[in-house]
Amino acid sequence: MRRHRLLAAAGLVLAAAAARAGDDARLRAVDPAELTYTYAVGGFAPEYTPPAPGSYTLPPIDTVADHALLDADGRPTTLFALTQGRLAVVAFVYTTCIEATGCPLSLAVLHRLDRIIAADAELARRVVLVTISFDPERDTPARMAVMRAFHAPASDWRFATTRSEAELQPLLADFDQPVAKLRFADGAWTGLFRHVLKVFLLDGQSQVRNVYSVGLLDATLVLTDLRTLLLESAAHRRKG
């Protein structure tokens, strides 16, 4: 019940922000399919028991570089300064997203992960959650601080943005995170984005080990992958 109230409240917060950002009457003329084409209907709920941690491998998919960020207190930082060689779950969002199975879903999953991680001493020590906005024009550090206060992290969950589009674009390209402003016929920005929901699992070497989209984004699966990587790291230490 508490989780349902939390998600409902989160929806109201985001809906209010979206209304302020997208109150242009021309939005009523936008084809709804243009706003939702990247998402499935509803979130993913696995109908099977995930394999046991360590019973499978997660080969590296890619390696990401360091990138400049601003934390929720307005201080300059970088991606690597936030992750500090730990396992990291990195999600890209914008706070005025109006698609229930888009950014609100990502935030809800990370909220659940935050609580579970905080209750596990090893996960709390070895894992960081990072939420990064791809809307630096409106998602200022002050707004990211509001989101942080709303979620009240119990684990090390960081909220960040960038100074500008110029700093943002190399970051998105490095993660292969597609984002594009949705525009009216006259070229004016609607205040909304087309984007593919992605959440990234990084290891301690900043290698991408899994990518979750709406069809795979479930806290249980992410936790199983995190524990698999912890077992992998422990095995490497024993060999060394």
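I began with Arg86 and Asp156, whose side chains meet in a salt bridge at 2.8 Å, N to O. I count a salt bridge when a side-chain nitrogen of Lys or Arg is within 4 Å of a carboxyl oxygen of Asp or Glu. This pair links distant parts of the chain, 70 residues apart: Arg86 is in the loop between helix 3 (79–83) and strand 4, and Asp156 is in the loop between helix 6 and strand 6. Helices (H or I, at least four residues) and strands (E, at least two) are DSSP runs, numbered from the N terminus. Both Arg86 and Asp156 are buried; buried means under 20% relative accessible area, exposed over 50%, and partly exposed in between (1.4 Å probe, protein chains only).

A note on the model: it is predicted, local features need pLDDT of at least 70, side-chain atom pairs count only at pLDDT 80 or more, and totals for chains, interfaces and linings use all residues. Residues are numbered from 1 along each chain as its sequence is written, and side-chain values use heavy atoms, with hydrogens and water left out.

I then searched the whole structure for salt bridges and found 14. One of them joins Arg148 and Asp73 at 2.9 Å, N to O. Arg148 lies in helix 6 and Asp73 in the loop between strand 2 (68–71) and strand 3 (76–78), so this pair ties together parts that are 75 residues apart in sequence. Arg148 is partly exposed, with a relative accessible area of 28%, and Asp73 is partly exposed at 43%.

Next I looked at aromatic rings. I found eight aromatic pairs; rings of Phe, Tyr and Trp (its six-membered ring) pair if their centres lie within 6.5 Å, and planes under 30 degrees apart count as stacked, over 60 as edge-to-face and the rest as tilted. Tyr94 and Phe134 form a tilted pair, 5.4 Å centre to centre with 45° between the planes. Tyr94 lies in the loop between strand 4 and helix 4 and Phe134 in the loop between strand 5 and helix 6, so the pair ties together parts that are 40 residues apart in sequence. Tyr94 and Phe134 are both buried. I also noted that Tyr94, Phe134, Trp189 and Phe193 form one aromatic cluster.

Last, I looked up the largest nonpolar core, which has 32 residues. Such a core is a set of buried Ala, Val, Leu, Ile, Met, Phe, Trp, Tyr and Cys residues joined through side-chain atoms within 4.5 Å. Val89, Leu110, Leu113, Ile117, Leu129 and Leu226 touch the most other members. A second, separate core of 27 residues includes Trp189.
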